Amino acid sequence: MNVICYPSKLHGTLEMPPSKSDAHRKLICAALSENNSFTNFSIVSNPDCCEDIDATVRCLEALGAKFTACNNGTQIEPVSAANLRNNAFFDCGESGSTFRFLLPVATVLCESTQFRGSGRLPERPIATLADAMSEHCVEFSSQMLPFSTTGKLHGGIYTIRGDISSQFLTGLLLALPLCNDDSEIRVTTCFESAPYVDLTIQILEKYGIQISQEYQDNLPIFHIKGNQVFHAPTIISMDGDWSNAAFWLTANALGSEIQLTNMQLDSPQGDKAISSILRDFEVASVIDMQNIPDLLPILAIRASFSKSQTQFVNANRLRLKESDRLATTTMMIRGLGGKVDEHSDGLTVYGGGLRGGIVDAHNDHRLAMAAAIAALKCDGPVEIRGAECVKKSYPRFFEHYEQLGGKCNGIDIR
């Protein structure tokens, strides 16, 4: 589906959908929770979905959890010994979080599993996590999707790189409390996207799981007791999504007037940094993407309308996302008439404005949304090819865009 967006100004109030980062973790914790004496389910009170969250729900159902619509949200019945499905088949779609979080969790519970994914997910790296799991009694038929596993994951001492994906650490932190033995995770390299691991630990604590942490040589070591029990609250609510709020906040920085609700100012989400980055944008000439990689496409748009050049550094992991985001963001900026230099681990974006043009979204939801925000300030229209990919994280993006006064046509996202 192609969408054409025109220069305009957005204004109004918008309730932000739930955070993907928050929802993945809370849904998994709820599905792993022990039934309490009063009820055998929890209620998710704001269950707006996207394709990635649908993938996590689908895989949790494959594991044995039950999700049922009810009057005030979605009811979750957790996995139990009675409904656990051994040799479960997990279709993760294109969701890296679903895959990397549930791979360790499933192998703690099941003697054997089968995993598959689509899009670029089979190309995204997993060897670091698979090697660590292989050292703890899990055998893989392959280290590329699709594959099967045999053997249950055991506790013990894990060593894992911290510069490829924080999702590896989150998957282990979700799974290892269920092992019989105590565990320790030692991070061996520079620790990137640390706020996402902090988010995992905070959510685990809310579900009754204790993780302790220390540092050696500035690298973290996580201590996890075995045989811990997850306890879910009766009502589960999700924080608003700062990653998606970044698009509307950037629109404000370019002249729009949007008020966002359902946003927690004390949220541990790393992408909350968008507020301070936009506030200081004309002052800072170098932006470090180490802990906020998902913000690069929209920040590159903001940089294109600045008064000078902006360098984005420590962004090499962006080559492993839904698209090679360093390459595709470069193509987007050039396609809209801007100037940008691509480096091995970052970009230099030159200010001065954008004229409009054609953007191929490359099946990357963040690229499509960034291009739509760019159109607000461009001299002419922006055609976004493959815009349906916003369904991955924000299916109602273009609906909200129009509600706020955005001018576009070609929308038919189903």
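How much space lies in the largest cavity? The points below come to that after a word on the model.

1. This is a predicted model, in which local features need pLDDT of at least 70 and side-chain atom pairs count only at pLDDT 80 or more, while totals for chains, interfaces and linings use all residues. Residues are numbered from 1 along each chain as its sequence is written, and side-chain values use heavy atoms, with hydrogens and water left out.

2. About 420 Å³ of space lies in the largest cavity, where a cavity is a set of points, on a 1 Å grid over the protein atoms alone, at which a 1.4 Å probe fits but cannot get out; grid points are joined across faces, edges and corners, and a volume is the space filled by probe spheres set on the points. The lining has 30 residues, and the closest to the centre of the cavity are Ser 97, Arg 124, Gln 167, Asp 294 and Lys 321; a lining residue has an atom within 4 Å of a point. The elements that give two or more residues to this lining are α1 (20-31), α3 (96-109), α5 (166-175) and α11, helices being DSSP runs of H or I with at least four residues and strands runs of E with at least two, numbered from the N terminus. By class, the lining has six nonpolar, 11 polar and 13 charged residues, where Ala, Val, Leu, Ile, Met, Phe, Trp, Tyr, Cys and Pro count as nonpolar, Asp, Glu, Lys and Arg as charged, and the others, Gly among them, as polar.

3. The second largest pocket holds about 330 Å³ of space, a pocket being an open set of points with protein on both sides within 12 Å along at least five of seven lines. Among the 15 residues that line this pocket, Leu 32, Ser 33, Glu 34, Val 79 and Leu 178 are the closest to its centre. Its lining has nine nonpolar, five polar and one charged residues.

4. β20 and β21 (residues 382-385) run parallel and are joined by four bridges, and Gly 357 has Val 382 as its bridge partner in β21.

5. Asp 163 lies in the loop between β10 (156-160) and α5. Its side chain makes a polar contact of 2.7 Å with the side chain of Arg 161, and another, of 3.2 Å, joins the side chains of Asp 163 and Thr 189. A polar contact is a pair of N or O atoms within 3.5 Å, of which, within protein, one must be able to donate a hydrogen and the other to accept it, and residues adjacent in sequence count only if both atoms are side-chain atoms.

6. Two backbone details deserve a check. A cis peptide bond, with omega about -5°, joins Leu 145 and Pro 146. Asn 262 has a phi near 65°, a positive value in a residue other than glycine.

How values were computed
Two strands pair if DSSP finds at least two bridges between them.
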